[in-house]
Amino acid sequence: MEFTILIFDDEKLVCDSIKRSLSDKETQILTAQDIDSTRKILRSEPIDLILLDYKLGAIDGISVLKEIKEYYPSILVIMLTAYGTIDLAVEAMKNGAFDFIQKEEDTIVLKHIVSKALDNLRLKKEVEKLKSENRADRKIPPVISFSNKMNKAMKLAEQYSAADSNVLLTGETGTGKNLIARQIHSQSSRFNNIFLAINCTAIPGDLMESELFGYEPGAFTGARQKGKSGLIEEAHNGTLVLDEIGDMDIGLQTKFLHFIENGEFYRIGGTRTRQVNVRFIATTNADLPKLVSEKKFRSDLFYRLNVAHIEIPPLRMRKEDIIPLAKIFIEEFNLRFKKSISKISDELENFLLNNEWTGNVRELKNHIERCVLLTRGDTLEIDDTLLLNKAQIKSLTKIGNSTFTLQLDPQENTNLLNEAKISLIDQALELTNHNKTKAAQMLGIPRTSLNYYILQKAKDKPHD
Ligand SMILES: Nc1ncnc2c1ncn2[C@@H]1O[C@H](COP(=O)(O)OP(=O)(O)OP(=O)(O)O)[C@@H](O)[C@H]1O
Ligand SMILES: [Mg+2]
């Protein structure tokens, strides 16, 4: 059976007659004459379409329509009205009915309207199927993890995925919190449902509340006439990431805590509680205990979130991950920029392993992107302009048996590259007792170039 239709009319004769005119092989038709049996059927059968009588003895059809639309919004409803009740039919449409049929109408009209509704449902089902195929097909980028510290974090992530608990992900910027949140979602039973993320920093407090919880018609000036569902409702059965939870407005934290404790919430301006099934993943690079002590973050919300907590270590604390990550990124950028880099120069590897990486994996990725762009051969070379763009650079570079020190203090109007060159040349000359041939060899440049630099330096020197 492709579809299931429910006819709800308090007169059995009407139910039977409609059932007879609609019955075919594709459709299962159920009937109900009172609200209790209707509710029971709705709870136990997946209904696609309801034909709903407008006059149901003591109950009013519109209130039943509202109830259906509230709890089963995907079910289409066609109202059955009497002749001369066009106003009522219009009201029904306003409340979400798909269409209406006047009872005395010919069965051809009835069949036509029902088949139109079923076509609509067929299309919706097709779109849903396409969407879910797309979701299942969508490749989630792998989380690279070679170090013990990261392996432990990923093991925890796997356990929390299966437990379907809310998760708190902390770690410095660029450590991979969002990537891991996506991984948790894709490893969980919710993998084929929606995955949404909202950044608490980017949206001001009151707007954030309506984004999260939605609002009822007329809840505030400027509210849409029909009201609006919030992200919490949209993420039903899926995962909602709250990025930078530390920046959530303290008033909103109270409302949010109530929701995660009770699983229910009110839309803004609403009087009726709503229930949804959402898994939350909160991320932050802030120090939450510190925010708690400063009374900027509710301690009860912190303890609640802290139950399933994963701390993603900074990249400099898990050096074993650096080269594997670099390799994955080289592969990615080789494809993007049509390059075929297969090796990393020793100098670059040395730099990658010893850099601070305050921007963590994101910074590493950006660095590799730039190096790939600039490299011509098959070996990825160090990008010295980037090296010199750092705020305060101190680097030790070994050439042969000699160690060079670079200490640069970038100021406006200084040419760092030049400063670095001069410093290296000076040191090479010093180390070789001013033997230009040896110094040039040490620096890996032709002697003529060294002569040129020495000449330039002499010219640049201020005259007394
Ligand atoms: N372990 C990893 N394996 C592969 N790629 C990673 C890994 N960790 C991070 N990345 C990549 O590094 C970049 C930054 O990661 P992400 O955005 O998840 O960091 P974040 O911790 O959420 O940062 P922020 O705190 O600034 O929001 C992304 O391109 C991500 O794909
Ligand atoms: Mg992030």
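Predicted model: local features only at pLDDT ≥ 70, side-chain atom pairs only at ≥ 80, totals over all residues.
Local features need pLDDT of at least 70 and side-chain atom pairs count only at pLDDT 80 or more, while totals for chains, interfaces and linings use all residues. Residues are numbered from 1 along each chain as its sequence is written, and chains are lettered from A and ligands numbered from 1 in the order in which they are written.

Helices (H or I, at least four residues) and strands (E, at least two) are DSSP runs, numbered from the N terminus. Strand β10 spans residues 239–243. Five of its five residues are buried (20 or more other C-beta atoms within 10 Å of the residue's own, with C-beta atoms placed from the backbone). The strand is therefore largely enclosed by the rest of the structure. T239, V241 and D243 point one way; L240 and L242 point the other way.

β10 pairs with two strands, pairing being at least two DSSP bridges. Strand β9 (residues 195–199) runs parallel to β10 and is joined to it by five bridges. Here N199 stands opposite D243. Strand β13 (residues 279–284) is also parallel to β10, with four bridges. T239 has R279 of β13 as its bridge partner.

N237 lies between α9 (231–234) and β10. Its phi is near 75 degrees, and it is not a glycine. E244 sits in the loop between β10 and α10 (250–262). Its phi is about 55 degrees, again positive in a residue other than glycine. With 17 C-beta neighbours inside 10 Å, E244 is also partly exposed.

Helices α6 (residues 148–163) and α7 (residues 177–187) pack at about 45 degrees, with axes 8 Å apart. Axes are lines fitted to C-alpha atoms over the stretch in contact, and angles run from 0 to 180 degrees between N-to-C directions. A157, E158, Y160 and S161 of α6 meet I180, Q183, I184 and Q187 of α7 (C-beta atoms, placed from the backbone, within 7 Å).

E104 lies in the loop between β7 (99–102) and α5 (107–137). It has 8 C-beta neighbours inside 10 Å and so counts as exposed. Its C-alpha atom is 8.9 Å from that of T81, 23 residues apart along the chain.

How values were computed
Buried ≥ 20, exposed ≤ 12 C-beta atoms within 10 Å, placed from the backbone. Contact = placed C-beta atoms within 7 Å.
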